[in-house]
Amino acid sequence: MGRYIRYWYTYRTVVAVLMALVLSGAMYWLYTQQVLCDAKAGSCLAYLAGHPEDRFVGTNPPDDNVVIVGLDNQTVKDLGVFPLPRDRYATLLQNLEKAGAAVVAFDIAFPDPRDPATDQPFADALRQSKIPVVLAYGGDDVRAGDGRFIQTSAKTDPTGVDQIPLAKFRCEDPPACTKPFPNVILASTDYKADNDGVLRRLPMFVEPACFSAQECKIQALNPLGFAAYRAWVISGVDGPTLQESDGQASFGPTWKKTMSVDSNGAALINYFGPPRNYQDSSHYVSFGDVYNNKFDASLFKDKIVLVGDYYLSGVHDEVLATTSAGANGSLMPGVEMHANVVQMLDQQKFLAPEPPLVVFLVILVLALVMAVAVSRLSVVLGFVVTLVALVVFTFGIAFAAAGGGLVPNILHPFLAVALTYTGVTAYRFLYEDREKRKVQSLFGVYLKPEIVNQLAKTRGGVEDIMRGGERRDLTLLFVDVRGFTSMSESMNAHDVAEVVQMYLDHLSGIIFTWDGTVDKYVGDEIVAFWNAPRFQENHALLAVRCAYDMINKAPELQQRLLAKGLPPIRWGIGVNTGPAVVGNLGSRSRVQYTALGDTVNTAARFCANAPAYQLLIGQPTYEAVKDYIAVEMVPGVQLKGKSAETFRIYQVTAIRENPSAPWVQFPTEMATQAHQVFKQQYTQQTVIAAGEAASKEILVGTAAEQAMAGQPIEAGQTSAYPMPPTTGQT
């Protein structure tokens with residue numbers, strides 16, 4: 001166990017797996033809550049609406065055995081009246097029967113009496129009909145029950161109004177209704193949309209209000225679509241009925257397979273196309289055309305005809321179908337929804353929800369796979385893999401569902417994958433941020449921030465960078481102020497500290513510019529190296545160019561020192577290349593990332609022998625950068641333990657950008673001349689400042705300038721006290 005805790009890589013994978021397990025459980029719980037709420041509103045603790053699978057419903061041609069007769073705006077215009085007198089329905093029914101329609105189903109309610117003169121023709125047409133006629137019996141409201149939906153009535157809680165069709169439209173002896181019309185069938189038009197407003201399920205068994213009110217013996221109504229389909233299949237009224245057992249509905253020998261229903265007896269609706277699919281596919285005729293006998297009779301021959309409102313202004317008999325998602329949210333007329341139900345029953349293309357166990361396993365497997373993958377890949381590659389996994393999963397499960405009538409659960413696996421990626425990535429960022437802080441605390445004083453950030457992104461963090469001491473080729477640079485010890489003895493402590501601070505800041509910034517590592521500060525000496533902790537192929541050239549900038553930008557520091565009344569300084573530089581041991585070295589109580597070895601010592605000795613504003617290098621450095629620099633051999637310098645014949649020392653005199661570029665003189669002479677100018681200016685400042693500190697009678701401003709130039713002092717520019725001598729101060 002200690003190994004897993006110690007090594008972050010394994011630990012991250014374990015955390016990712018645990019995170020995937022927790023998220024899988026949470027997503028499955030949300031799935032169960034959605035199922036509960038979709039079945040019965042208010043029965044869940046949390047509801048996360050979302051059915052992306054709706055957008056994958058394809059478009060199929062309508063069933064050739066189904067035709068819609070729509071009561072539309074053109075009908076009202078043609079007939080010139082609305083609501084339509086019921087004798088118009090009588091004429092419509094008679095025309096359809098003459099055209100050879102097999103079944104006519106009215107998705108229109110007839111619960112209330114109107115003009116007897118127009119009601120009676122419709123009643124007569126229903127009584128005399130030779131073909132089955134289905135009348136809509138919708139409830140005032142419905143509530144979910146055990147294996148069925150229940151229409152509200154005067155004797156239910158909540159109460160409701162019975163919307164049963166008029167007795168004269170369904171029996172010979174109203175209101176007792178002991179002699180029903182032989183070919184009139186009552187069917188339910190009730191439905192309950194899911195919590196998101198989409199109608200995905202249709203109750204297959206509905207207890208009518210008249211039964212709860214003890215006014216009829218009909219225990220269960222089937223939906224209008226099934227009633228019309230059944231009458232068409234059995235060519236009449238009498239025959240097998242829809243049965244349910246253990247969540248499966250069957251219809252005698254007609255169906256080769258059963259249809260899944262939920263605990264409320266509702267089945268998933270298989271929509272075969274978007275709204276207006278029947279109209280756009282010429283499976284639609286306007287009510288007015290049928291009434292006026294302006295239609296092709298062959299269109300209705302042996303067909304199931306559904307009659308209902310079709311986008312009629314002022315009448316809102318539309319539903320939000322699953323296919324509405326792919327049709328910009330367009331609503332589907334209720335009669336077209338029933339037509340899709342008939343088509344589903346006729347073609348036996350039933351839908352079934354994905355089994356809960358399969359949903360759980362899919363969520364679990366996807367979350368675990370993504371957790372392991374994201375924990376082992378980079379953040380960007382992990383994101384790409386996550387997107388690819390979502391796309392592959394979506395198309396894969398959509399293909400599988402299309403072939404087997406399965407309605408997949410896409411939302412919760414989507415969430416599991418997305419949240420797993422987000423959680424693992426967030427953990428990685430938090431963990432790597434901790435590693436970054438460790439790297440910054442270790443290397444922040446040695447390297448510029450950009451390199452520190454780059455090192456912090458190393459997969460192994462500090463452990464990969466710090467593996468103890470290792471031997472590698474380095475280029476060492478030493479820079480030291482000339483004559484600083486004697487100069488500092490004549491300065492107060494504050495000025496000494498400020499000079500050193502400004503000098504270290506200035507030169508350290510140049511080292512960072514050239515991607516160097518600041519090893520240490522030893523008084524006024526700076527030690528830096530290249531090629532550690534990260535590898536740098538051209539480390540020797542970087543060090544030489546850094547030395548060039550240190551000399552070339554010396555006047556900038558001199559100017560800032562002069563502005564603060566501090567003396568100008570000079571420095572010499574030594575650079576050497578060769579093998580050295582580098583790593584986190586030190587005692588048990590204190591360690592430091594540093595380098596040691598003969599290469600380091602030799603670079604220090606080069607620096608000690610380098611005159612002001614000169615760069616001395618050794619033979620290895622020269623060999624590494626000889627195409628970029630011009631040198632002169634330094635005579636008369638013999639390092640202890642080094643052979644003069646085999647170990648040469650060079651002064652760099654020129655440098656160039658690339659082997660074919662023109663030479664640029666090394667700025668030694670420029671820096672030396674600038675130093676002389678700044679030194680003279682500082683001396684002049686010192687004379688004036690010393691006089692001001694000694695007496696108020698000291699000459700200042702113009703008087704001081706005139707005195708130093710040997711000019712007579714104007715009246716009013718001297719004081720009553722003699723000025724102290726300034727001999728030796730210039």
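**A close look at one serine**

Guide: Let's start with Ser 43, which is partly exposed, as its relative accessible area is 34%; on this scale buried means under 20%, exposed means over 50%, and partly exposed is in between, using a 1.4 Å probe and protein chains only. Keep in mind that this is a predicted model, where local features need pLDDT of at least 70, side-chain atom pairs count only at pLDDT 80 or more, and totals for chains, interfaces and linings use all residues. Residues are numbered from 1 along each chain as its sequence is written, and side-chain values use heavy atoms, with hydrogens and water left out.

So where does Ser 43 sit? You'll find Ser 43 in the loop that runs between helix H2 (8-39) and strand E1 (66-71). Helices (H or I, at least four residues) and strands (E, at least two) are DSSP runs, numbered from the N terminus.

Leaving aside residues up to four places away in sequence, Ser 43 touches Leu 36 and Cys 37, where contact means heavy atoms within 4.5 Å. Gln 33 is ten residues from Ser 43 in sequence, and their C-alpha atoms are 8.2 Å apart in space.

While we're here, a quick look at some cysteines elsewhere. Cys 546 counts as buried because its relative accessibility is 0%. Cys 607 is buried too, with a relative accessible area of 2%.
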